[in-house]
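Have the structure open and follow along.

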Amino acid sequence: MRSHDAKVVEALAVPQKSGKRTTGRSAEAAFAPGEGGSGAGGSGAFTLPVRFQTPVDENVLALFIASRVLVGETQLWREGIGHARRWFEETGGLDVPYSALVGESGNYPLGKWLSDRRGENANGELATYRVEMLDALGMIWSVSDARFEAGLDWARVWAKGHGGSLAAPARASVGGYAIGTWLSELRAAAAVPAGEPGALAPERRQSLEEIDPWWCPAWPITWQRTYAVARSWWLDSDGRVDWARLPQDTVFEGEQLGRWVQAQRAGWPALEADQRDLLTAIGIEEDQELVAAKTAADAKPKVSRGNRFAQGLAALAAYVEREGHARVPRSHKEGGASLGTWLNNQKARRDKLSPEQLGQLEALGVAW
């Protein structure tokens, strides 16, 4: 009854004026609830008269009342603590995943039940005797730890469905749980130097690495996510993949796998040593011809936008001098430059051209 309304219990415990006292050899014991059998006279406590035919030890009486009357455990509590006790007997603690379902039918949400008890305890709403009962079973009270354990449980679920990888997109969810956000926050914490506020605890980092050693790589997580897709392709093909012949437009699990593989083979020297090891493990290797071509392209001097405008203007001047007008066909090339495309681009971005550039084009007869 107290679990529903403590005031009702107190009202019932107060003797009514109409009550009749027994006489003779009956004994009367006084007990102040909450005093652990300290006897009558407790400050601020009501007195509960209990009459017996023979004298009764007040400590025994207090235990009887506390366990039989004042501690009115509800059916929901008894059911939850019963499942918790069985879990403890089987595992030796209450390290229960948030998503854990137990019971004969496998539908009792023990993880959620324990999480709710943590919330009650944090708000000071959980009775002391219930706290003690859970403590005896190895209860984990830290809300932060509990939230991490819940996220870790869902991380295992995600990794199981994604080839062991935790490179989840920021908006990813599993079972209604925002696993992408959870992982993003932990990666941000992992970037904070050890010892500073907000840094990821070493034991939490280790727990995540046990699921996926590359959950927080030194390179962009997008690279790791596409690598996980490439590895899944490789596993589905029993390791027999000719990456050099993979069509560039190949798409797998929403990723541009063909283009990505070609980019890795061409940009091999720029990759981290660990990245190259991961790629080599699934058969992706450096393409020396692509690397050489990319190196040569990178070695070419970069042309600034201003220089490109000057080159286009020179080609247009040559065209106007020869043809007598500035009506350049879109596909026309002049001196190796795509003059038609260049001129159309200038018209499209007219608002971004300087007054001087506009004047130079108009001087050659460009009509807007």
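**Helix packing and confidence**

Start with helix 9 (residues 221–236) and helix 10 (residues 257–266), which pack at an angle of about 105 degrees with their axes 11 Å apart. Helices here are DSSP runs of H or I with at least four residues, strands are E runs of at least two, and both are numbered from the N terminus. Axes are lines fitted to C-alpha atoms, for helices over the stretch in contact, and angles run from 0 to 180 degrees between N-to-C directions. Helix 9 and helix 10 are therefore roughly perpendicular (65 to 115 degrees; under 35 counts as roughly parallel, over 145 as roughly antiparallel, and the rest as oblique).

This is a predicted model, where local features need pLDDT of at least 70, side-chain atom pairs count only at pLDDT 80 or more, and totals for chains, interfaces and linings use all residues. Residues are numbered from 1 along each chain as its sequence is written, and side-chain values use heavy atoms, with hydrogens and water left out.

Who touches whom here? From helix 9, Trp223, Thr226, Tyr227, Ala230 and Trp233 meet Leu257, Trp260 and Gln264 of helix 10, contact meaning heavy atoms within 4.5 Å. By class, that gives six nonpolar, two polar and no charged residues (Ala, Val, Leu, Ile, Met, Phe, Trp, Tyr, Cys and Pro are nonpolar, Asp, Glu, Lys and Arg charged, and the others, Gly among them, polar).

Now hop over to helix 3 (residues 75–91) and helix 4 (residues 110–122), whose axes come within 10 Å and cross at roughly 115 degrees. That makes helix 3 roughly perpendicular to helix 4. On the helix 3 side you'll find Leu76, Trp77, Gly80, Ile81, His83, Ala84 and Trp87, meeting Leu110, Trp113 and Arg117 in helix 4. These residues split into seven nonpolar, two polar and one charged.

Helix 3 also packs with helix 5 (residues 128–135), at about 20 degrees and with the axes 11 Å apart. That makes helix 3 roughly parallel to helix 5. Trp77, Ile81 and Arg85 in helix 3 meet Arg130, Met133 and Leu134 in helix 5, a set with four nonpolar, no polar and two charged residues.

Next, the rings: the structure holds nine aromatic pairs (ring centres of Phe, Tyr and Trp, its six-membered ring, within 6.5 Å; planes under 30 degrees apart are stacked, over 60 edge-to-face, the rest tilted). Trp77 and Trp113 have ring centres 5.4 Å apart and planes at 45 degrees, so the pair is tilted.

How far can you trust it all? The mean pLDDT (the predictor's confidence in each residue, from 0 to 100) is 82, and 77% of the residues score at least 70. Confidence is highest in helix 8 (residues 202–211), at 96, and lowest in strand 1 (residues 27–31), at a mean of 44.
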